[in-house]
Amino acid sequence: MERLRHDDPPRLGPYLTLARLDADSTDGGAVPERRYLARTADGERTVLLCAPLPDAAAPAAWAMEAELASRLSVPRFLRPASQGSEAGLPWYAVPYTPVLPLPAALAAHGGPLPEDLVRRLGAALAAGLAAAHARGQAHAGVSPAAVLIGAAGPLLGCFGAVRSAAPWGPPGLDPGCLAPELRSGGRPEPLGDVFALGAVLAYAASGHTVPEQSELPPGLRRLLASCLARDPADRPSAPQVLHALSTTGPARTPAPAPAAAPATTVLDEQAPPPLPGRVVAALAAQSAELLASELPAAPPARPAPQKVH
């Protein structure tokens, strides 16, 4: 949790903003939207509240992407539960559960995440992307800050950041996650998501979206190099990335399962990736701090327009 700034809205729709989710300056922490922890004035509902950046070129396009995300039912995609607009500023809300943006998770852990955890997180995200791609839909916003880490596994937010961006590039999106074809003005496509996923996993394993090969675990170098290929035709598909992350690696040697019980995989919803202790502690601290937060005084409601006779 980060303190609100003077230019943050005190209220969006029925929600009073309590704190920012993202720090102002964290390596890999560029965020293409504003994200707040917020609560209704009666204290009954706490949400993750998202809005476009102050300098966003097309708030209406951002709102359209939020509307599309609310109609998608894709595993691991953050799905807006409610939307609205306050004084021309669109917003959407998701019921609160303790989450850390990936950069904050690395900061809490004290550095890059263990290879096995990177594989498990990557497999879960690849599964979500594969489901979206099967429907002909690209996420178009995958970046370290878009990955929210929680006890139940990772979620992907910032849906459609590239599509809703200005022609000169998405503000707040880590440039290392933008595929070459997108930097040259191409349309977001599934293989652009794969490039961004490769950059995210490189970041999780090294602390950088564009690391040196020597900074990456040997077991991930070949896969990530293929995801980050300049030519989209040389990249694997999301299902291929999922398969590679689920079946290879020095930390995973599957044992034969009993005939009566199927083997547990990295995608088993009942077995989310175990998180490092410091990350778990940071999630608990966020939840405790939020519970202890006092509601600010509610700003006065905007008066209803009067009819002139």
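**Close-up views of the strands**

**View 1. Strand 2 meets strand 3.** Leucine 16 has arginine 39 of strand 3 standing opposite. The model shown here is predicted. Strand 2 covers residues 15-20 and runs antiparallel to strand 3, with five bridges joining the two.

**View 2. Strand 3 is buried along its length.** Strand 3 spans residues 33-40. Eight of its eight residues are buried, so the strand is largely enclosed by the rest of the structure. In a regular strand, side chains alternate between the two faces of the sheet. Here Glu33, Arg35, Leu37 and Arg39 point one way. Arg34, Tyr36, Ala38 and Thr40 point the other way. Both sets are buried.

**View 3. Strand 3 pairs with strand 4.** Strand 4 (residues 46-52) runs antiparallel to strand 3. Seven bridges join them. One of the paired positions is glutamate 33, whose bridge partner in strand 4 is proline 52.

**View 4. Strand 8 against strand 9.** Strand 8 takes in residues 147-150. Four bridges pair strand 8 with strand 9 in the antiparallel sense. Isoleucine 149 stands opposite proline 154, a residue of strand 9.

Terms used:
Residues numbered from 1 in each chain as written. Predicted model: local features only at pLDDT ≥ 70, side-chain atom pairs only at ≥ 80, totals over all residues. Heavy atoms only, no water. Pairing = 2+ DSSP bridges. Buried < 20%, exposed > 50% of the residue type's maximum accessible area, 1.4 Å probe, protein only.
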